[in-house]
Amino acid sequence: MVVEFAASDRVKKDWWDGELLPLSQMQNGHPCVEGAMHHDCLVCFEYLFESVNDVTVMPCGHTIHKNCLKEMQEHYQYACPLCSKSVCDMSKVWEKFDMEIAATPMPESYQDKKVWILCNDCGITSEVQFHFVTQKCPCCKSDNTCQTRGR
């Protein structure tokens, strides 16, 4: 879920130094990042709190200009620039990776090779079977992982 709101929807109250989301968006819950509007956009570096451009809250809770997120996606960047969590549903991509792995057997010298990975989506560290294409998180089934060490 990506929460979007226009610059005109943001209201600052004297008694509260945070941002207000429209009530309908708060009812579904969101990962709260303290001071999320009091920093620069992760792409264009414009200060979000004073920006007149629409801002969106990514699933990880970090904020970014809506147009900057769109530009990232046009350049095939689907992870938060700050925390690397996926910013959209990537399950169809993970399915394609699974098919590619099934169609690409590893050479014999790599068949027993294990590596440690960190999942950028769930934060779990795991030891998994190495593959040239990708390493899947055993916990959340994401391929948004990075190798932390080999064995």
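**Close-up views of a predicted model**

**View 1. Trp-94 and Phe-97 in helix H3.** Trp-94 and Phe-97 lie 3 residues apart in helix H3 (residues 91–103) and are therefore separated by about one helical turn; helices (H or I, at least four residues) and strands (E, at least two) are DSSP runs, numbered from the N terminus. The model is predicted, so local features need pLDDT of at least 70 and side-chain atom pairs count only at pLDDT 80 or more, whereas totals for chains, interfaces and linings use all residues. Residues are numbered from 1 along each chain as its sequence is written, and side-chain values use heavy atoms, without hydrogens and water. Trp-94 is buried at 13% relative accessibility, while Phe-97 is partly exposed at 28% (buried: under 20% relative accessible area; exposed: over 50%; partly exposed: in between; 1.4 Å probe, protein chains only).

**View 2. The ring pair of Trp-94 and Phe-97.** The whole structure holds 4 aromatic pairs. The ring centres of Trp-94 and Phe-97 are 6.0 Å apart and the planes meet at 20°, so this pair is stacked (rings of Phe, Tyr and Trp, its six-membered ring, pair with centres within 6.5 Å; planes under 30 degrees apart are stacked, over 60 edge-to-face, the rest tilted).

**View 3. The surroundings of Asp-143.** Asp-143 belongs to the loop between strand S5 (125–129) and strand S6 (145–150) and is buried, with a relative accessible area of 6%. Leaving aside residues up to four places away in sequence, Asp-143 touches Trp-94, Phe-97, Asp-98, Thr-134, Gln-135 and Lys-136 (contact: heavy atoms within 4.5 Å).

**View 4. The cluster of Tyr-110, Phe-130 and Phe-132.** Ring pairs join Tyr-110, Phe-130 and Phe-132 into a cluster.
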